[in-house]
Amino acid sequence: MTKCIHSLCLVCLTLGVASSSSAQVVLGPYGPRNPDEKNVRQPNEPVVYRLKVTPAPEPDPPLKYVLYPRWTELQPGNSVPMWYRALDQIGWNHPRMKPMHENYSRWFPDDWQKMPVDEVRPFLQNMSSRLDDAQIAAHRERTEWDMGLRDLRGSDTINFLLEEFQESRHLTYILSLRIRLHLLDGEFDEALDDLAICFRLARDVAEPETFINDLIGIAISAISHENIRHFISMPGSPNLYWALADLPHPLIDIRDATAYEMTLPERYFPWLKDPASSERTSAQWQSLLVETLRESIRLVDSNGFPDRSASELSMQTALLGLCVRAYPRAKAHLIDAGYDSEDVDEMPVGKVIAIQEHLIYQTLSENTAAAMSLPTVQSLERLDHLVDQLRDAGYVGRYWQGTEAIPIASSLLPANSQMKEAQMRRESMRAALMTIEA
């Protein structure tokens with residue numbers, strides 16, 4: 001028996017069933033592709049997955065199988081210390097990881113069932129203590145990383161290291177090897193146990209409120225979905241419809257990260273939060289904006305401006321050129337926003353520029369946050385429309401040539417539409433897998 005779904009609206013996702021067992025999925029430059037196809041998929045072309053599946057009845061009871069740790073199975077404690085123990089010594093260049101590092105392409109072949117099991121078994125045995133720690137972590141009742149992200153200011157906001165979260169993907173690869181080994185051995189219950197660890201790891205990694213964490217969590221869930229495709233293609237495998245339905249939805253909730261990331265400009269440049277109420281002399285405003293310019297050059301293409309290490313005089317000269325161009329527009333912007341024209345005339349030039357930067361930051365962040373609060377499809381449509389509007393208004397575009405005198409908000413605010421699309425792809429894959437299992 002074969003099952004197929006030929007389209008899933010709004011996702012650019014196509015699922016089908018191959019007539020032979022040779023069709024597999026590999027990762028190409030534009031995403032997953034069928035290795036039997038000679039032509040690489042072009043951007044915006046639908047992704048095609050081919051699976052061969054066999055009938056499997058609905059489980060009785062429906063939640064006989066699960067893909068996420070049951071609430072009744074959770075134990076008191078914080079999962080984070082056990083995740084740290086599981087992640088110890090699995091950095092890509094660590095000696096214990098050398099076998100997988102050197103044989104990655106052979107251990108993860110296009111045809112996953114050709115994995116060299118005689119090589120993988122001893123490697124997994126050597127990693128058994130790490131996987132035991134991961135099992136414990138996945139069944140702890142709470143997750144508290146306690147990273148103090150809200151307290152970060154200045155360059156620390158973008159220089160904060162997240163190495164342990166990057167290494168969590170290595171743990172996922174190790175779990176993937178064991179999942180595939182279980183499948184080849186016909187050990188479906190054990191494979192489901194490891195899939196539950198993967199999904200809990202994805203959710204826990206995404207707990208800190210940054211888009212980096214969310215993207216890593218989404219990447220882990222993508223690997224997990226790939227392993228589910230292998231699972232349901234195995235003859236005799238149980239039906240996972242209800243197990244997929246029971247997964248947290250969405251698995252990775254990007255709302256907290258969105259709220260956090262939208263504050264990045266004012267955390268990097270704290271003066272941006274409320275420059276109107278700040279009393280500084282003209283010289284102080286100039287000094288503040290010179291330092292802002294110096295930092296901005298580090299963040300974006302300087303496009304002919306002095307190097308960040310340039311002299312104070314060079315920076316002042318560059319800032320003067322920017323202000324001469326931006327001041328008339330900044331002054332008009334403040335008056336349009338409701339500031340009294342006489343008050344604006346009396347303000348130092350630096351303060352006028354600073355207040356306009358604040359107004360642009362508010363416009364960009366609040367409109368983007370509003371668009372992100374919509375359901376995914378409407379959100380993406382709104383974000384596309386918003387970008388067009390902001391580009392026409394000069395708020396986004398080529399650095400140093402837009403409405404901003406110094407590209408602060410336009411360079412530091414995140415790419416929200418890409419995050420929405422990444423989240424949608426994972427939720428769409430879950431829905432597609434449920435459709436197949438139905």
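# Helix α17 and its surroundings

Guide: The buried residues of α17 pack against α16 (349-372) and α19 (416-437). This is a predicted model, in which local features need pLDDT of at least 70, side-chain atom pairs count only at pLDDT 80 or more, and totals for chains, interfaces and linings use all residues. Residues are numbered from 1 along each chain as its sequence is written, and side-chain values use heavy atoms, with hydrogens and water left out.

Visitor: What makes α17 a helix, and how do you know that its length fits?

Guide: A helix is a DSSP run of H or I of at least four residues, a strand a run of E of at least two, both numbered from the N terminus. Helix α17 has 17 residues, 376-392. The expected span is 1.5 Å times one less than the number of residues, so α17 should span 24 Å, and its end C-alpha atoms are 24 Å apart, which agrees. Gly-394, with a positive phi near 85°, follows α17.

Visitor: Which residues of α17 are called buried, and where do they lie?

Guide: Ser-379, Leu-380, Leu-383, Leu-386 and Leu-390 are buried (under 20% relative accessible area; exposed is over 50%, partly exposed in between; 1.4 Å probe, protein chains only). Down the axis of α17 these buried residues fall within an arc of 125°, so they line one face of the helix; the arc is taken over the directions from the helix axis to the C-beta atoms. Exposed residues Glu-381 and Asp-392 sit on the face turned away from that buried side.

Visitor: Why is Lys-351 with Glu-279 called a salt bridge?

Guide: The rule asks for a side-chain nitrogen of Lys or Arg within 4 Å of a carboxyl oxygen of Asp or Glu. The closest N and O atoms of Lys-351 and Glu-279 are 3.8 Å apart, so the pair qualifies. It links distant parts of the chain, 72 residues apart: Lys-351 is in helix α16, and Glu-279 is in the loop between α12 (264-268) and α13 (282-299). Lys-351 is buried, at 8% relative accessible area, whereas Glu-279 is exposed, at 67%. Shared partners also join the salt bridges of Glu-291, Arg-294 and Glu-312 into one network.

Visitor: How many salt bridges are counted by this rule?

Guide: The count comes to 17. Among them is Asp-253 with Arg-255, whose closest N and O atoms are 2.5 Å apart. Asp-253 is partly exposed, at 31%, and Arg-255 is exposed, at 61%.

Visitor: What kind of aromatic pair do Trp-92 and Tyr-104 form?

Guide: Rings of Phe, Tyr and Trp (its six-membered ring) pair if their centres lie within 6.5 Å; planes under 30 degrees apart count as stacked, over 60 as edge-to-face and the rest as tilted. The whole structure holds 11 aromatic pairs. Trp-92 and Tyr-104 are 5.9 Å apart centre to centre with 70° between the planes, so the pair is edge-to-face. Trp-92 lies in the loop between α1 (79-87) and α2, and Tyr-104 in helix α3 (residues 104-107), so parts 12 residues apart in sequence are tied together. Ring pairs link Trp-92, Tyr-104, Phe-108 and Tyr-173 into a cluster.

Methods. Contact = heavy atoms within 4.5 Å.
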